[in-house]
Amino acid sequence: MKIDPIHQFNIEPLFTLGHIGNHTIAFTNSSLYMLVAVAVISILMLASGTQLVPGRLQSVAEISYEFVASTIRSTAGAEGMKFFPLIFSLFMFICVSNLVGIIPYTFTVSSHLIVTAALALLVFFTVLIYGVAKNGLKFFSIFVPHGVPGYILPLVMFIEVLSFFLRPVSHSVRLFANMLAGHIALKVFAGFVAMLGFSLGALGWVGGVLPLALTVALYALEILVAFLQAYVFAILTCIYLNDAIHPGH
Amino acid sequence: MAESHGGAKGPAAGAHTEADGGHHGGGFPPFESSNYASQLVSLAIFFVVLYVIVSKLALPKVGGAIEARQNKIDGDLAEAQKLKDQSDAALKAYESELASARSRAQAIGNESRDKANAQADAERKALEEQLAAKLAGAEKTIASTRTAAMSNVRGIAADAAGQIVQQLTGVVPDAASVNAAVDASLKG
């Protein structure tokens, strides 16, 4: 019994869609789970009724709506509601694909850096373009904090600029690394259970209890992480957008 | 899974320098750049689809439901407030009606009592006057009766004194001296 904790991240082309240059564009298992996430979100948001007293599905849809809306209002102000569809899409896409991905034998879309990086760059360029379009050159005043003595201002500005351009890196790697590490840890601990059972017989069955308990605990933690990382991604998006909306702060 | 990663870089994949660290991975799937183009294309397609669904259908629908509920709650609360105001006004009207009725009743009571008192006073006065008149008449009768009686007493006394003197002395006394003696004794 060989444990391969990396196997779960493999991209398997299901069928070829076409070619761009010398790249083959395939519909992969990743694409399939993106489709699943979009389908789940659409069903949740559209198939739930619009009753005065909401049912379960409608409650979930409305709680998601209110949750994202209040997150935006508290971090980016009322003006941030312009970006409500974007942030809601980001949050729901990451949250649902993370939660779907935690089901055994499924694929986790956000365990690939290319996906999280694309989403982080989407946010980065949205902030940059909207910030410059709305505030002009005043947008770049976010690099000049108030009340800093003149002689260390160049250093502070250098750090601010650097941190601004490193935002997409930390933004994407945080999500990617959390999902990747969590899934590897789950797989390793679950693999111990099977390995002990197969290799040591009855003793192994007894010995497998501890890693099994750990797997269960980790699984619960991963459910939390799946939601939490989506929330962190969304709230960081709000905070970055707040810079574009109110560059004076 | 194909190990031929890093051979060709897509334009979008090349944008992420940190992703290129996967060259040392030796088959670590997240760092296999041959998959990047497929993932980016499907992500772009599905995220745009999701964004359109969310912004055009999902958020207006759910937001509308929440707003409709809020409006309904606000409307119901306003309706309840209106009804409460109405019942308060009705209660106030009832109370003022009750108070005016009570004061009217009191006024009527006072009036009728005053009238009864006045009537009683008038009757009593008339009765008193009647009684006083009767008393005065009676006193006059008594006085005249007494005067008559007193004059009778003088005559009787004079007769009795004349008889007594005649019996004692055998002499018929002079009427004038008897009368004078009687008057003197009546006065004395």
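The pLDDT is the predictor's confidence in each residue, on a scale from 0 to 100. Chain B averages a pLDDT of 83, and 86% of its residues score at least 70. Over residues 1-25 of chain B the pLDDT is below 50, and in the model this stretch has 45 contacts beyond near neighbours in sequence. Two residues are in contact here if their C-beta atoms, placed from the backbone, lie within 7 Å. Chain A averages a pLDDT of 90, with 98% of the residues at 70 or above. For the complex, the predictor gives an ipTM of 0.90 and a pTM of 0.73.

Because this is a predicted model, local features need a pLDDT of at least 70 and side-chain atom pairs count only at pLDDT 80 or more, whereas totals for chains, interfaces and linings use all residues. Residues are numbered from 1 along each chain as its sequence is written, and chains are lettered from A and ligands numbered from 1 in the order in which they are written.

Chain A contains six helices and two strands; helices (H or I, at least four residues) and strands (E, at least two) are DSSP runs, numbered from the N terminus. Along the sequence, the pattern of chain A is β-β-α-α-α-α-α-α. The C-alpha atoms of chain A fill a box of roughly 70 × 55 × 45 Å along the principal axes. Of the contacts in chain A between residues at least 6 apart in sequence, 65% join residues at least 24 apart. In chain B, residues 24 or more positions apart account for 50% of the contacts with a separation of 6 or more.

Burial is counted from C-beta atoms placed from the backbone: a residue is buried if 20 or more other C-beta atoms lie within 10 Å of its own, exposed if 12 or fewer, and partly exposed in between. By this criterion, 35% of the 249 residues of chain A are buried, and 16% of the 188 residues of chain B.

Buried residues also define the nonpolar cores, each a set of buried Ala, Val, Leu, Ile, Met, Phe, Trp, Tyr and Cys residues joined through C-beta atoms within 7 Å. The largest core has 61 residues, and those with the most contacts inside it are A:Ile87, A:Leu90, A:Phe91 and A:Phe93. The elements that give two or more residues to this core include strand E2 (23-28) and helix H3 (84-101) of chain A, as well as helix H1 (36-169) of chain B. H1(B) gives the most, with twelve residues. A:Leu90 touches A:Leu119, A:Phe233, A:Ala234 and A:Thr237, not counting residues up to four places away in sequence. A second, separate core of five residues includes A:Leu186, A:Phe189, A:Val193 and A:Leu196.

How is the contact between the chains made up, and how many residues does each chain bring? Chain A supplies 42 residues and chain B supplies 39. On the side of chain A that touches chain B, H1(A) provides the largest share, nine residues. That side has 30 nonpolar, eleven polar and one charged residues. In this division, Ala, Val, Leu, Ile, Met, Phe, Trp, Tyr, Cys and Pro count as nonpolar, Asp, Glu, Lys and Arg as charged, and the others, Gly among them, as polar.

Within chain A, the axes of helix H5 (residues 153-207) and helix H6 (residues 209-245) come within 9 Å and cross at roughly 175°. H5(A) and H6(A) are therefore roughly antiparallel to each other, a description used for angles over 145 degrees. The residues of this contact divide into 21 nonpolar, six polar and three charged.

Some individual residues complete the picture. Most residues other than glycine have a negative phi. A:Tyr105 has a positive phi of about 75° although it is not a glycine. A:Tyr105 is found in the loop between H3 and H4 of chain A and counts as exposed because it has 5 C-beta neighbours inside 10 Å. A:Gly136, in the loop between H4 and H5 of chain A, is exposed, with 10 other C-beta atoms within 10 Å.

Terms used:
Axes fitted to C-alpha atoms, helices over the stretch in contact; angles between N-to-C directions. Parallel < 35°, antiparallel > 145°, perpendicular 65-115°, else oblique.
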